[in-house]
Amino acid sequence: EIRKALARAASRTKMSYAGTALYALVRNSDGDGDVWRKQTIAMLADETANSLARMAAVQIVGACKWREAHEQIAALASNPKGEIGLQLTAIGTLGLIGTQEDRVLLARLSAQGNPRLKVAIETADRRIVQNASSLPKGK
């Protein structure tokens, strides 16, 4: 069965295809979405997982707006010793799930002057501002 094969692939976190499998499982969850949500969020903290699989997990968190993973996303975004691709992906996801408080983190990252992060930081900051302005007043 396809779902069993995807679940097996998603559990092989040292392989890049684990993230792709998670995408498929999350998008097509059938009453078991919480299982895949937990596995996706767990992959964020798994430093032994393949970096491409972790990037996919970060993107899933952003697309699904899973704000309970905010702390892990912020940690990945602010980790100067991590892989640049993972850091960029996390900064982008902050733009989707971040709050006004994250603008301080983004300003701190911007002040470090890394030109590779510049566009991602500016875009994430702009999205946070846009998201805040679209909230109903009093929220």
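**D102**

I started with D102, which is found in helix α7, residues 102-111. Helices here are DSSP runs of H or I with at least four residues, and strands are E runs of at least two, numbered from the N terminus. Before going further I noted that this is a predicted model, where local features need pLDDT of at least 70, side-chain atom pairs count only at pLDDT 80 or more, and totals for chains, interfaces and linings use all residues. Residues are numbered from 1 along each chain as its sequence is written, and side-chain values use heavy atoms, with hydrogens and water left out.

Buried means under 20% relative accessible area, exposed over 50%, and partly exposed in between, with a 1.4 Å probe and protein chains only. A salt bridge needs a side-chain nitrogen of Lys or Arg within 4 Å of a carboxyl oxygen of Asp or Glu.

Leaving out residues up to four places away in sequence, D102 touches H70, L94 and I128.

**L94**

L94 was next on my list, and L94 lies in helix α6. Its relative accessibility is 0%, so L94 counts as buried. With residues up to four places away in sequence set aside, L94 touches H70, I73, A74, A77, D102, L105, L106 and I128. I also checked L94 against R127: they sit 33 residues apart in sequence, but 8.8 Å apart in space, C-alpha to C-alpha.

**Helix α5**

Which residues of α5 are buried? I got I73, A74, L76 and A77. Seen down the axis, the buried residues of α5 fall within an arc of 160°, so they line one face of the helix. The arc is taken over the directions from the helix axis to the C-beta atoms. Cover for the buried residues of α5 includes α3, α4, α6 and α7.

**Largest pocket**

I ran the pocket search on a 1 Å grid over the protein atoms alone: a cavity is a set of points where a 1.4 Å probe fits but cannot get out, a pocket is an open set with protein on both sides within 12 Å along at least five of seven lines, and lining residues have an atom within 4 Å of a point. Grid points are joined across faces, edges and corners, and a volume is the space filled by probe spheres set on the points.

The largest pocket holds about 240 Å³ of space. Among its 14 lining residues, E47, R54, L76, N79 and L86 are the closest to its centre. Which helix gives the largest share of that lining? It is α5, with three residues. At least two lining residues each come from α3, α4, α5 (70-77) and α6 (84-97).

**Salt bridges**

How many salt bridges does a search of the whole structure find? I got four. I wrote up the following pairs.

- R37 pairs with E68, with the closest N and O atoms 2.5 Å apart. This one links distant parts of the chain, R37 in helix α3 and E68 in the loop between α4 and α5, 31 residues apart. R37 is partly exposed at 27% relative accessible area, and E68 is partly exposed at 44%.
- R103 pairs with D125, the closest N and O atoms being 2.6 Å apart. R103 is in helix α7 and D125 in helix α8 (residues 118-133), 22 residues apart, so this pair also links distant parts of the chain. R103 is partly exposed at 32%.
- K118 and E122 meet at 2.6 Å, N to O. Both lie in helix α8, four residues apart, about one turn of the helix. K118 is partly exposed at 47%, and E122 is partly exposed at 38%.

**K65**

I looked at K65 in the loop between α4 and α5. Phi of K65 is near 55°, a positive value in a residue other than glycine. K65 is partly exposed, at 39% relative accessible area.

**Helix α2**

My last stop was α2 (residues 17-27), whose buried residues are A18, G19, A21, L22, L25 and V26. They cover an arc of only 155° around the axis, which puts them on the same side of α2. The face turned away from that buried side carries the exposed residues T20 and R27. Cover for the buried residues of α2 includes α1 (2-11), α3 (33-45) and α4 (51-64).

Definitions and conventions:
Contact = heavy atoms within 4.5 Å.
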